[in-house]
Amino acid sequence: MSWFTGRLPEAWFSGNQEFVLDREEIAIIGTLPVPAAPEEASDAERDALLEGSIQRFREETRERRIEIAREAERRFRRKVSWGVAAGDRTVMFTTLSVPVMTRLRQQERRVLDTLVAAGVARSRSDALAWCVRLVGAHTDTWLADLRDALQHVDRVRSAGPDVGP
């Protein structure tokens, strides 16, 4: 995502940005420095300092992020979302929620209905999202390897001839 690297102000992030892509969305997650806290600060005070730093960044960069997102959305024909990583925390400012159509057999629908009946989810849609998050949490390594392979394929494709419209 070289375009973003060239377009984003250098002062925004400390280190590289992470770009998470799918068919509908480009998520940009930049790393913020962890603010220095006094040695005697409690964990709650350190958390509040980090949260305040993240909020300040969000507010101070809002207009420019919107401007860059609009340019990117026209250029790449995908929505752009923003987030930051600071310390052990990742906060997404904006994300896209996209409906997904699926066909499920009765046994699969019963799983979703059980989650709804148990109060784990409010609807079949929420139950399905819960299941996807659960699978994702337990297969992080496999999915990371798969995403790396797909990024390699994207790099190879982009190095080839441009066959766009």
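## A bridge between two strands

In strand 3, the residue that forms a bridge with A27 is S81. Strands, like helices, are runs assigned by DSSP and numbered from the N terminus, a helix (H or I) having at least four residues and a strand (E) at least two. Two strands are said to pair if DSSP finds at least two bridges between them. Strand 2 and strand 3 meet this condition, pairing in the parallel sense over seven bridges.

The structure is a predicted model, in which local features need pLDDT of at least 70 and side-chain atom pairs count only at pLDDT 80 or more, while totals for chains, interfaces and linings use all residues. Residues are numbered from 1 along each chain as its sequence is written, and side-chain values use heavy atoms, with hydrogens and water left out.

## Overall architecture

The secondary structure of the protein consists of five helices and four strands. Their order along the sequence is α-β-β-α-β-β-α-α-α.

The protein has a radius of gyration of 20 Å, whereas a compact globule of 165 residues would have one near 15 Å. This radius is taken over C-alpha atoms, and the globule rule is 2.2 Å times the number of residues to the power 0.38. The C-alpha trace spans about 55 × 55 × 30 Å along its principal axes.

## Surface, burial and charge

Of the 165 residues, 22% count as buried. A residue is buried under 20% relative accessible area, exposed over 50%, and partly exposed in between (1.4 Å probe, protein chains only).

A contact means heavy atoms within 4.5 Å.

The protein carries 25 positive and 26 negative side chains, and the centres of these two sets lie 10 Å apart. Lys and Arg count as positive, Asp and Glu as negative, while His and the chain ends are not counted. Each charge is placed at NZ of Lys, CZ of Arg, CG of Asp or CD of Glu.

## Strands 1 and 2

Strand 1 (residues 18–21) pairs with strand 2 (residues 25–31) in the antiparallel sense, over four bridges. A hairpin with three residues joins strand 1 to strand 2. V20 has A27 of strand 2 as its bridge partner. A27 therefore has a bridge partner in strand 3 as well, namely S81.

E18 belongs to strand 1. This residue counts as partly exposed because its relative accessibility is 45%. Leaving aside residues up to four places away in sequence, E18 touches A27, I28 and I29. A118 is 100 residues from E18 in sequence, and the two C-alpha atoms are 37 Å apart in space.

S14 occupies the loop between helix 1 (2–7) and strand 1. With 33% relative accessibility, S14 counts as partly exposed. Its contacts, not counting residues up to four places away in sequence, are with T31, L32 and P33. The C-alpha atoms of S14 and E39 are separated by 23 Å, and the two residues are 25 apart along the chain.

## Strands 3 and 4

Strand 3 (residues 79–86) is mostly covered, since seven of its eight residues are buried. Strand 3 is joined to strand 4 (residues 89–92) by four bridges, and the two run antiparallel. Here the bridge partner of G83 in strand 4 is M92. The hairpin of strand 3 and strand 4 has two residues between the strands, and in it G87 takes a positive phi near 65 degrees.

R77 is located in the loop between helix 2 (43–76) and strand 3. At 70% relative accessibility, R77 counts as exposed. Its phi is near 55 degrees, which is a positive value in a residue other than glycine.

## A residue in helix 3

R109 is part of helix 3 (residues 106–117). Its relative accessibility is 31%, so R109 counts as partly exposed. R109 touches L104 and R124, when residues up to four places away in sequence are not counted. R109 and T141 are 32 residues apart along the chain, and their C-alpha atoms are separated by 28 Å.
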